Structures are given as C-alpha cells and as structure tokens.
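Dear colleague,

Please find below the structure that I am handing over to you. My findings follow after it, arranged by topic.

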Amino acid sequence: TSPIATYFMLLLVFLSRLVSTLGKPKPRTQLLPPKLQNRLLADPDSIELASSDYGNMFREIPASVLYPSSINDIESLIKFSHNNSAPFTIAARGQGHSVRGQAMARNGVVVNMPSLKNQRNGFGITVSTNLSMGFFYADVGGEQLWIDVLHATLEHGLAPVSWTDYLYLTVGGTLSNAGISGQTFRYGPQISKVYEMDVITGIGDFVTCSPEKNKKLFYAVLGGLGQFGIIVRARIALEPAPKRVKWVRMLYNDFDAFTRDQERLISINGRKQKNSLDYLEGLLLMNQEVAKFYDDQTLNSVDKDLQDLFEGLSFIPGFTFDKDVSYVDFLNRVRSGELKLQSQGLWDVPHPWLNLFVPKSQISDFNSVVFKEIVLKRNITSGLVLVYPMNRNKWDDRMSAVIPDEDVFYTVGFLHSSGFNDWQALDVQNKDILQLCYNAGIEVKQYLPNYKTMEEWKNHFGMKWRTFQERKAQFDPKMILSPGQRIFNNN
Ligand code: FAD
C-alpha cells in the first residue's frame with residue numbers, strides 16, 4: 001500500500017474511533033454530591049479491574065468505579081443516574097467471577113461491592129440464634145463471600161444448607177444466578193434459601209422484600225441477573241451444621257448406568273430423606289462423587305446408611321475411593337486447587353465456560369449427540385465436565401431463574417480453561433454444542449446465560465419473558481442496571 005493510502009486508512013480509523021467515543025457520552029458524574037465524587041475513581045488500576053473478569057475473554061471499559069463506603073452511596077449513585085436526562089449504566093461487581101462480562105458496564109459506573117465489606121453490621125454478617133421466629137438465619141451483606149458466611153455461622157454451630165462448589169463468590173453474585181452444586185437436588189439452589197432481602201432498585205429506592213412484603217421484587221431479584229436491583233442484604237436460612245463428611249468417589253464405564261444411578265440416588269425423598277445423601281456430583285468420564293454429612297449422633301449409622309444407598313448401583317466394583325473429612329474441608333474443597341493453579345499462573349487464563357441444564361428425558365440423547373460426537377471425537381476438552389441431576393420441586397417458579405420444564409434435569413458444565421490464543425476454538429465448540437442440541441430438539445437452558453439477541457433472550461425465558469420485561473419496566477425503567485448481561489442493553 002502507498003503512503004497516501006496508509007495515511008487515509010489511519011485517518012479513517014482515527015475518525016471512526018472519535019465518532020464512536022462521541023456517540024457514547026460519559027456520565028456527567030461531576031454533578032454528583034462531593035462525598036460520592038471522592039469515591040468514584042478512574043485510575044488505571046480501578047479501570048483495569050472493572051473491565052476484566054474470570055473469563056478473561058471480554059473487556060468493557062467503564063467510565064469510573066464506585067468504591068461505596070455505605071449502602072447510601074449506592075442509593076445516591078443510582079438515583080443520580082435515574083434522575084439524569086442522560087442516565088448512565090451501573091453494574092454491581094462482586095468478585096467478577098462471571099466469564100462473559102456480565103459484571104461490566106461499558107462507559108458506565110461499576111460498583112465495587114467488596115469495598116462495602118466491614119462497613120456495616122460489624123463484619124457484614126449477623127447470625128441470629130434466637131429461635132423465636134422458628135428458624136435460624138444470618139443477615140449477610142450482598143458483598144460478602146460465602147466462605148466468610150460459612151466461618152461466621154459455624155461459630156454458632158450453624159451453617160447455610162445450600163452451597164456452590166467454590167466459596168469465594170459473593171452472596172449477591174450467586175443469588176443473581178441461582179447458586180447450585182451437588183447439594184441442590186436435596187436442599188434446592190441458594191436462591192431457595194433466602195427469607196428476605198434489602199435491595200436498591202434501578203430507581204434508587206431502598207426496598208426490603210420477602211415472600212410476604214414487596215414480593216414482586218423479591219421473586220424478580222432471585223435469579224434476576226442483576227436486572228432489578230442491587231442486593232445489599234440477604235437473610236439466609238441456617239441449620240445446625242454437620243461436623244464431618246463421608247465422601248465417596250466411584251467410577252463408571254457406562255453412561256446410562258451412571259445417570260440411572262444418579263437419578264436413583266436423588267430420588268430418595270420423604271420419610272427416608274434423613275438417610276439420603278447430602279451431595280452428589282458427576283464428572284465426565286465417568287466418575288461420580290457423593291457425600292453424606294454426619295455428627296456424633298449419626299457416627300455409628302453413617303457407614304451402614306451409605307452401604308444401603310449403594311446397594312444395587314452399577315459402578316465398577318473395586319474402584320471406589322472414600323475420604324472422611326471435616327465439613328469445612330469438604331465445602332472448601334476447590335480452594336486448594338485454586339491456590340495450586342494460582343501458584344502456577346494458571347488461574348487467570350481464559351475460561352470459555354458453558355453451563356447447561358438438560359431435561360432428564362434427553363440426557364441420553366445429549367450423550368449421543370454431544371459427548372460422543374463432539375467432545376470425545378474432537379478431543380479438545382480441557383477442564384472438568386460436570387454432569388449431575390437435580391429435582392425441579394426444589395426450585396420456586398416465581399423466581400426469575402430459568403430451568404427446564406421437567407421434574408428432574410441435569411446440569412452439564414463444560415468448565416474449560418485455555419491458553420490466551422486458543423480460547424476461540426473452545427468457544428466455537430460451545431456454539432456447536434448449542435447448535436447440535438437445537439438441531440436434535442434437545443431443549444437445553446443455559447445456566448449463567450449469555451445471549452446476543454433479544455430473540456434469544458425471549459427464547460431463554462420462554463413463558464417467563466413477559467413477567468421479566470414487566471418487572472424490568474417497574475424496577476429499572478431506564479435500564480440502568482447490569483448492562484453486561486446484554487438483555488436490555490444489547491448494543
Ligand atoms: P459477579 O461476577 O461480580 O457478578 C455477576 C452478576 O451479578 C453481574 O451481572 C453483576 O452485575 C450482578 N451482581 C453482582 N453482585 C450483585 C448484587 N449484590 N446485587 C445484584 N446483582 C449483583 N456458580 C454456581 O452456581 N455454582 C458453582 O459451584 C460455581 N462455581 C464457580 C467456580 C468458579 C471458580 C467460578 C469462577 C464461578 C463459579 N460459579 C458457580 C459461577 C458464579 O456463581 C457466578 O459467576 C457468580 O455470578 C459469581 O459471583 P460474583 O460475586 O463474582 O459475581
């Protein structure tokens with residue numbers, strides 16, 4: 001190319017950048033109250049943190065980052081945007097453990113939730129052991145990590161009953177999705193164990209909500225992908241904490257036997273539930289781990305209970321591995337892996353994850369169409385593939401979270417890690433998986449969903465779409481909150 005052509009090309013690039021910057025006005029935050037202005041930073045470190053996430057694949061640059069010192073700061077910021085003639089977007093950022101920019105806000109303001117830590121209620125976690133209401137609970141700041149909730153509640157001999165596999169996630173972040181793991185089949189997702197919340201809506205109103213009070217907002221926010229308000233407090237159900245865990249891993253060489261056994265193990269309900277497992281997860285290829293909690297009272301019966309549960313199962317005899325660990329070590333099992341990866345510089349690599357819910361009636365087709373055809377043949381799986389079932393009756397359909405319309409459904413999580421230059425190949429594979437499911441009529445729902453078009457979001461929400469839209473119009477009419485989900489801010 002000639003120097004003149006190069007000059008014009010550069011000029012064109014410069015002009016197009018200028019136009020795109022001009023087209024997206026930055027928030028005029030200089031009009032904010034001075035107290036809040038001091039808490040808004042746009043230094044390179046703040047911008048870098050807020051424009052990245054665990055996925056390490058996408059970046060969106062915010063105009064600034066709010067480090068709130070109180071809930072009031074968040075309220076003022078949202079009110080200011082809402083009442084502005086040119087409202088700007090606002091995203092709460094918990095740990096930024098999303099993988100596709102869900103906690104980012106291009107040209108908007110990212111609220112760094114961890115800076116609220118230790119600012120409220122002492123440690124931001126208050127445990128109520130007064131049984132006058134008939135149940136135990138903890139009031140927990142939305143910014144708090146589940147690991148801290150665990151430690152604080154254990155001091156009272158109590159603990160939440162529903163967990164994620166990994167505990168360094170914020171309460172607000174997981175309640176915006178669902179919060180699932182091997183306990184969900186028995187105890188429900190984390191969103192089903194919330195009694196009450198304080199939420200700051202997209203209008204800037206501070207609202208206390210529960211199934212009795214402001215219930216529309218309560219159900220909207222749980223699984224609501226951050227669209228209706230910022231959770232600043234959640235009242236989480238607690239129960240007496242078990243002390244120890246029998247943790248057993250078994251191997252399978254037949255997918256149908258593997259899923260049949262999983263379904264059998266999660267179906268033990270009703271009177272027998274007391275003896276049932278507390279946790280069940282499966283991994284491709286094909287090992288299954290289960291756990292049963294116990295304490296001094298059940299010490300003598302736990303092995304017998306497990307033996308009874310395993311009777312008639314089809315795992316490969318002689319290939320079971322069991323451990324006896326403390327309750328905390330069991331719940332915090334992913335942490336040692338994280339620290340190891342961190343020490344090797346492998347924690348901050350790209351993570352093109354894909355999480356799906358698959359109806360039970362189609363898990364065998366999923367095995368033929370996806371696992372056999374794509375994953376095994378292409379051999380580019382790098383990371384864990386989780387496969388385990390849960391019961392629909394443990395979910396509350398009034399909440400925003402979306403699950404398949406079948407009594408039992410599986411979660412299939414492709415938890416890939418990759419090099420910085422080859423995550424696209426895994427992402428193409430993810431798209432192929434979705435396309436193959438579509439072609440084969442397998443009605444999957446994405447967990448931690450990510451879509452590009454409004455049509456896809458409509459499809460995802462199905463019957464819930466109208467309600468979701470109405471709730472958005474009521475609680476965040478100017479479409480300020482969590483733009484990184486790209487539901488209503490899809491540009
Ligand atoms: P962010 O990524 O910071 O935010 C997620 C979304 O929630 C954004 O849209 C954000 O704007 C919004 N948000 C954040 N805080 C609030 C708030 N207080 N109020 C309202 N909206 C808010 N998920 C599971 O269910 N089970 C697992 O076992 C599990 N394991 C994981 C393990 C690892 C290593 C990682 C990286 C993720 C895992 N996840 C799991 C996914 C995780 O639950 C979600 O990514 C969750 O959103 C992360 O929480 P976060 O605090 O980092 O939220």
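Two strands are said to pair if DSSP finds at least two bridges between them. By that rule strand β2 (residues 64-66) pairs with β4, since three bridges join these strands, which run parallel. Please keep in mind throughout that this is a predicted model.

**The chain as a whole**

The chain contains 17 helices and 18 strands. It has 491 residues, of which 42% count as buried. Among contacts between residues at least 6 apart in sequence, 73% join residues at least 24 apart. The domain assignment divides the chain into domain 1 (3-114), domain 2 (121-241), domain 3 (244-331) and domain 4 (335-450).

**The four-stranded sheet**

Strands β2 and β4 belong to an open sheet of four strands, in the order β1-β2-β4-β3 and with mixed pairing. β1 (40-41) and β3 stand at the edges with a single partner strand each, so one side of each has no neighbour in the sheet.

**The nonpolar cores**

Which residues have the most contacts inside the largest nonpolar core? They are V109, V111 and V358, in a core of 103 residues. Strand β10 (residues 229-240) gives the most to this core, contributing six residues. Leaving out residues up to four places away in sequence, V111 touches L66, P68, I74, I90, A91, A92, R93 and I230. Another core, of five residues, lies apart from the largest one and includes M250, Y252, F258 and F315.

**T320**

M250 and F315 are also among the contacts of T320, a residue of strand β14 (residues 320-326). With its neighbours within four places in sequence set aside, T320 is in contact with V248, R249, M250 and F315. T320 has 16 C-beta neighbours inside 10 Å and therefore counts as partly exposed; a buried residue would need 20 or more. T320 and N287 are 33 residues apart in sequence, and their C-alpha atoms are 9.5 Å apart in space.

**The surroundings of the ligand**

There are 35 residues around the ligand, and G94, H97, G142, G172 and G173 come nearest. The elements that give two or more residues to this shell are β3, α7 (171-175) and β10. By class, the shell has 13 nonpolar, 20 polar and two charged residues.

**The contact of domains 2 and 3**

The centres of domain 2 and domain 3, taken over C-alpha atoms, are separated by 27 Å. Nine residues from domain 2 and nine residues from domain 3 take part in the contact. On the side of domain 2 that touches domain 3, α6 (146-154) and α8 (184-187) are the elements that give two or more residues. The residues of that side comprise six nonpolar, two polar and one charged.

With kind regards

Methods: Residues numbered from 1 in each chain as written. Predicted model: local features only at pLDDT ≥ 70, side-chain atom pairs only at ≥ 80, totals over all residues. Core = buried A, V, L, I, M, F, W, Y, C linked by C-beta atoms within 7 Å. Buried ≥ 20, exposed ≤ 12 C-beta atoms within 10 Å, placed from the backbone. Contact = placed C-beta atoms within 7 Å. Domains from an automatic or database assignment. Nonpolar A, V, L, I, M, F, W, Y, C, P; charged D, E, K, R; others polar. Near = placed C-beta within 6 Å.
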